[in-house]
Amino acid sequence: MNLRRTLATARRVLTQIHHDPRTIGLLLIVPSLLIGLMAWLFSDTGVFDLVGPAMIALFPFIIMFLITSITTLRERQGGTLERLLALPTGKLDFILGYTLAFGLLAIVQSSIAVGFAVWVCGLEIEGSMWLLLAVAIADAVLGTALGLLASAFAQTEFQVIQFMPALVFPQILLGGVFLAREDMPDVLHAISDWLPLSHAIDALNAVARDSEDAGYVGTKLLIIGAFIVGAIVLGSITLRRRTP
Amino acid sequence: MVNYAIQVDNLRVRRGRNEVLHGLGFEVPRGALVGLLGPSGSGKTTLMRSIVGVQREVSGKITVLGHPAGSAKLRHRIGYVTQAPSVYLDLTVRENIRYFASILGVVRGDVERVIHATGLDAQADQLVGSLSGGQLSRASLAAALLGTPELLVLDEPTVGLDPVLRFELWNLFRELSAAGTTLLVSSHVMDEATRCDRLLLVHDGDILADETPTGLLERTATTDADDAFLALIKAADRGAADTHPDAGTGRKEAP
């Protein structure tokens, strides 16, 4: 790994996005619009206060997953990845460069989403706003890391889009949004313990209700961090300099 | 002892269940401009990828600039241009070149040098996606010239270019070769053959000829490269048909 190459890659990815203002707009506004829609849909029911924190985790996670997996797939198909790997680029330089670039975008995106949910939609947050933001950012970076990993297993755009229902939907279903995880059948509860999004949603709920101490949220953040590191390591293992 | 840039011995490459290169062997002296010619699907790209070290399932021995092909030490010393223009379409020419320059760790001045060498000064701040086909492939070539690599492996760099641009690019290749760079340039345009020091003719995963352009014309008693190549392929297919009646039809490179 080489810091100069990692930073150059991150800067290059951000420059590419800089040339595409519509993507920036969609990236920054869509999660907030969806959260706003949820708040409006459930206005006067109290449901938004229950599911709102989870939404802060969901939308940035999904959007970062999709954007990252498609951009890196494009890089594999366009021949630029082959060129980079024939040059002195380390595999980690490439993966970390992407994680860093999209991680920075995720910070901006999550900040807007959290701010919108709290100040515009009136989401009640009993705990620390900073902790909420930290979990939201970790979650968006997790989306990026999983997207990088998923793109390694896809040969076409069609396949990479299918990874979204395959990898993301089960995490949403079992994450505790539709049914509290404690009330699930035992097997599903056990599975949900091994899905990173469950821990992100647990953490956001805990912060929103101030129901647990900071140590609990910290542990959840560590679990998400472990999944991020795992996905990055696996992702760099799946990058091959020699291809058929 | 002659100093070789590339030495290939008994190179075999499998892609899936097919063997696409059947035990090639040849040498490229340092500083030579060598043309790799052959019909599409003959194995040119696979051979180039093997030399650069990005091809899987390679057996045999390939030594590049004194190291086994694919060594980490070689990544600074080889410039490789794939058939697809491997540059970022949503960056400008200069942003692309700057990025590859910082990957290689070459000085900033080199960015302007390679943009100028490929005649892209006027397009330097244009998005690569908005360039014409010829400008696009020159942008890809510019990235490969960064850091003045000792060996340039160029896969069909002149495909789809007009005659004027092709002429200019071959002049550039000659200049680079005169300055000591070794070039391996593939093409399926036979008239480009006459601009090379030496020719490697690849057909169906084998090397049909390895000689100078004039030597090739003399041997085949023809006056242009197209005829010479056709004559060699016909002779090879006849030879193969004498020994194995089915050869030449069943052995086809996978797409």
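The model is a predicted one, in which local features need pLDDT of at least 70 and side-chain atom pairs count only at pLDDT 80 or more, whereas totals for chains, interfaces and linings use all residues. Residues are numbered from 1 along each chain as its sequence is written, and chains are lettered from A and ligands numbered from 1 in the order in which they are written.

The C-alpha trace of chain A spans about 55 × 40 × 35 Å along its principal axes, and 46% of its 244 residues count as buried, a residue being buried if 20 or more other C-beta atoms, placed from the backbone, lie within 10 Å of its own. Chain A holds 10 helices and zero strands, where helices (H or I, at least four residues) and strands (E, at least two) are DSSP runs numbered from the N terminus. Of the contacts in chain A with a separation of 6 or more, 80% join residues 24 or more positions apart, two residues being in contact if their C-beta atoms lie within 7 Å.

Within chain A, the axes of helix 6 (residues 129-152) and helix 7 (residues 157-173) come within 10 Å and cross at roughly 125°, axes being lines fitted to C-alpha atoms over the stretch in contact and angles running from 0 to 180 degrees between N-to-C directions. Leu146(A), Ala150(A) and Ser151(A) of helix 6 make this contact with Val160(A), Phe163(A) and Leu167(A) of helix 7.

Between the chains, 25 residues of chain B are in contact with 23 residues of chain A. Helix 2 (residues 93-104) of chain B supplies six residues, the largest share of the side of chain B that touches chain A.

In chain B, Phe173(B) lies in helix 5 (residues 163-178) and counts as buried because it has 23 C-beta neighbours inside 10 Å. When neighbours within four places in sequence are left aside, Phe173(B) is in contact with Leu33(B), Leu183(B) and Val185(B). The C-alpha atoms of Phe173(B) and Cys196(B), which are 23 residues apart along the chain, are separated by 9.3 Å.

Conventions. Buried ≥ 20, exposed ≤ 12 C-beta atoms within 10 Å, placed from the backbone.
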